[in-house]
Amino acid sequence: MERSPASHASSRRRSGLPRPYVAVWVVLSSMALTYLVMLSVRPDLAEGVGDQVAALVGVEGRSGDAGDERVRTDIAALRQGVEGLQREITALRTQIATRDEREQAFAARLAAVEAQRVSEQGVPLATASVNRGPSDGAGSAIEGQIVEPPRAAELPTRRPPPPRETERITFSAPQVKPAAAAPETPRGIQIATGPSVDALRISWMLLADRHKEILGGYEPRFVPSTSGSGPAYRLIAGPIDSTTAANRVCGELRARRVTCGVSAFGGEPL
């Protein structure tokens with residue numbers, strides 16, 4: 001006689017045989033008990049696990065340290081910016097204090113000058129301030145203060161000086177002194193003429209070479225002049241101290257059959 005499936009399952013439950021998952025749990029429990037026994041006997045086996053855990057924690061710590069480092073860098077940059085602003089503010093305060101000191105010194109000096117002027121002349125300095133305000137006719141504004149002009153009754157009265165005694169003036173005999181002779185201008189000697197400056201250069205080269213003992217210490221110059229045939233130029237040598245010395249030099253040149261005449265020393269260098 002055949003059995004139904006329901007009756008077969010009920011018979012297996014009644015038989016009490018272990019199911020597969022019960023067997024798995026039994027195996028796992030056995031392994032856990034074995035591991036605990038091994039840890040109790042040899043604790044050094046758990047050192048590797050601790051190192052792994054520490055490594056994981058270290059990775060998380062390093063990531064946290066990187067964030068802290070960025071925060072510290074930002075804070076340092078902010079501090080530098082604040083310090084720069086503080087230095088600029090200190091410099092501005094120093095400049096303002098220096099300007100105030102200069103203005104105070106200028107005002108004190110101006111007040112001293114005005115006091116000295118009033119004490120000497122009895123008239124206040126009307127234009128004493130650079131920061132002069134508007135004037136309404138009753139006074140002038142000096143550094144924010146109104147200075148009233150002096151009244152006629154307050155001005156000091158000046159007494160006329162006492163009359164001087166009449167002094168007798170006596171004159172001595174007139175003395176006539178000769179006027180000092182005016183210094184004589186340098187003189188020159190005219191020794192040639194020519195139609196151009198180049199012709200005068202050639203003449204000077206020839207004369208200076210032939211009469212170098214006479215003309216060696218003189219400077220040649222040319223002076224433009226006019227003649228009936230057209231423009232002409234005069235050759236002047238000098239300077240010579242006086243007319244007498246120039247006549248003596250001309251005499252020596254005339255003795256050598258050289259045309260010579262005394263004239264003023266001038267013209268352009270040859």
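The protein chain has a mean pLDDT of 75, with 61% of its residues at 70 or more; pLDDT is the predictor's confidence in each residue, from 0 to 100. The model is predicted, so local features need pLDDT of at least 70 and side-chain atom pairs count only at pLDDT 80 or more, while totals for chains, interfaces and linings use all residues. Residues are numbered from 1 along each chain as its sequence is written, and side-chain values use heavy atoms, with hydrogens and water left out.

Q: How many helices and strands does the protein chain have?

A: There are 6 helices and 7 strands. From the N terminus on, their order is α-α-α-β-β-β-α-α-β-β-α-β-β.

Q: Which residues have the most contacts inside the largest nonpolar core?

A: A nonpolar core is a set of buried Ala, Val, Leu, Ile, Met, Phe, Trp, Tyr and Cys residues joined through side-chain atoms within 4.5 Å. Buried means under 20% relative accessible area, exposed over 50%, and partly exposed in between (1.4 Å probe, protein chains only). Here the largest core has 20 residues, and I189, I191, L215 and L253 have the most contacts inside it. Strand 3 (187-194), helix 4 (197-210), helix 5 (212-215), strand 5 (230-240) and helix 6 each supply at least two of its residues. Helix 6 gives the largest share, 5 residues. Not counting residues up to four places away in sequence, I189 touches residues including L215, L235, V249, C250, L253 and C260.

Q: Where do the buried residues of helix 4 lie around its axis?

A: An α-helix has 3.6 residues a turn, so residues three or four places apart point the same way. In helix 4, V197, L200, W204 and L207 are buried. Seen down the axis, these buried residues fall within an arc of 85 degrees, so they line one face of helix 4; the arc is that of the directions from the helix axis to the C-beta atoms. They pack against strand 3, helix 5, strand 4 (219-227) and strand 5. The face turned away from the buried side carries the exposed residues D198, I202, M205, D209 and R210.

Q: Which residues are buried in helix 6, and which are exposed on its other side?

A: A245, A246, V249, C250 and L253 are buried in helix 6. Their arc is 140 degrees, so they line one face of the helix. T244, R248 and A255 are exposed on the other side. The buried residues of helix 6 pack against strand 3, helix 5, strand 5 and strand 6.

Methods. Helices (H or I, at least four residues) and strands (E, at least two) are DSSP runs, numbered from the N terminus. Contact means heavy atoms within 4.5 Å.
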